[in-house]
Amino acid sequence: MKVAFASTDSIHIDEHFGRAAEFRIWEVGPDDASFRGVVQVSNVTGDEADRIESRCAGLADCALVYVAEIGGPAAARLVAKKIHPVKSKDQAPIADTIAKLQEVLRGSPPPWLRKAMLK
């Protein structure tokens, strides 16, 4: 499944969803993970709904989006598009987060994650 990470340094999950100018995209499976590229998000001038929609559109292929913070309206919009937002605590390294996600995928993923994997 494709997973997006909001990062300012390409190493840590340290960016707010609404401020992210780009997202790192990884293809993550139980046994392997590979970097797929960067999605640039245009900073649409307009209201908050337009900015949220612009980011959601760029992440349409992703099942999960890891962020440092996210507001309620943005989280709801992602969920409506079947993209699950995940808040990362303490600016976790992307590599560590991928390893933990793979460990969960190899075991018995929770129902919300099994549903996200079907995307």
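Author: Arg24 counts as buried, at 8% relative accessibility; buried means under 20% relative accessible area, exposed over 50%, and partly exposed in between, with a 1.4 Å probe and protein chains only. The model is predicted: local features need pLDDT of at least 70, side-chain atom pairs count only at pLDDT 80 or more, and totals for chains, interfaces and linings use all residues. Residues are numbered from 1 along each chain as its sequence is written, and side-chain values use heavy atoms, with hydrogens and water left out.

Arg24 sits in strand S2, residues 22-28. Helices (H or I, at least four residues) and strands (E, at least two) are DSSP runs, numbered from the N terminus. The side chain of Arg24 makes a polar contact with the side chain of Ser10, at 2.5 Å. A polar contact is a pair of N or O atoms within 3.5 Å; within protein, one must be able to donate a hydrogen and the other to accept it, and residues adjacent in sequence count only if both atoms are side-chain atoms. Leaving aside neighbours within four places in sequence, Arg24 is in contact (heavy atoms within 4.5 Å) with residues including Val3, Phe5, Phe35 and Ile94.

A polar atom of the Arg55 side chain lies 2.8 Å from the backbone oxygen of Ala20.

Next comes the nonpolar part. A nonpolar core is a set of buried Ala, Val, Leu, Ile, Met, Phe, Trp, Tyr and Cys residues joined through side-chain atoms within 4.5 Å. The largest has 19 residues, and Phe23 and Ile25 are among those with the most contacts inside it. S1 (2-6), S2, H1, S4 and H2 each supply at least two residues of this core, and H2 gives the most, with three. Apart from it lies another core of 15 residues, among them Phe5, Val28, Val86 and Leu113.

Helix H2 covers residues 72-80, and its buried residues are Ala74, Ala75 and Leu78. Seen down the axis of H2, they fall within an arc of 100 degrees, so they line one face of the helix; the arc is that of the directions from the helix axis to the C-beta atoms. These buried residues pack against H1 (48-58) and strand S5 (84-87). Gly72, Pro73 and Ala80, on the other side of H2, are exposed.

H2 also lies on the path between two strands. S4 (residues 64-67) and S5 run parallel and are joined by four bridges; two strands pair if DSSP finds at least two bridges between them. The chain crosses from S4 through H2 to S5 in a right-handed β-α-β crossover, meaning that, with the strands pointing away from the viewer, the path from the first strand over the helix to the second runs clockwise. Val67 stands opposite Lys87 in S5.

The loops on either side of S5 remain. Most residues other than glycine have a negative phi. Lys82, in the loop between H2 and S5, has a positive phi near 65 degrees and is exposed at 64% relative accessibility. Asp90, in the loop between S5 and helix H3 (94-106), has a positive phi of about 60 degrees and is exposed, with a relative accessible area of 77%.
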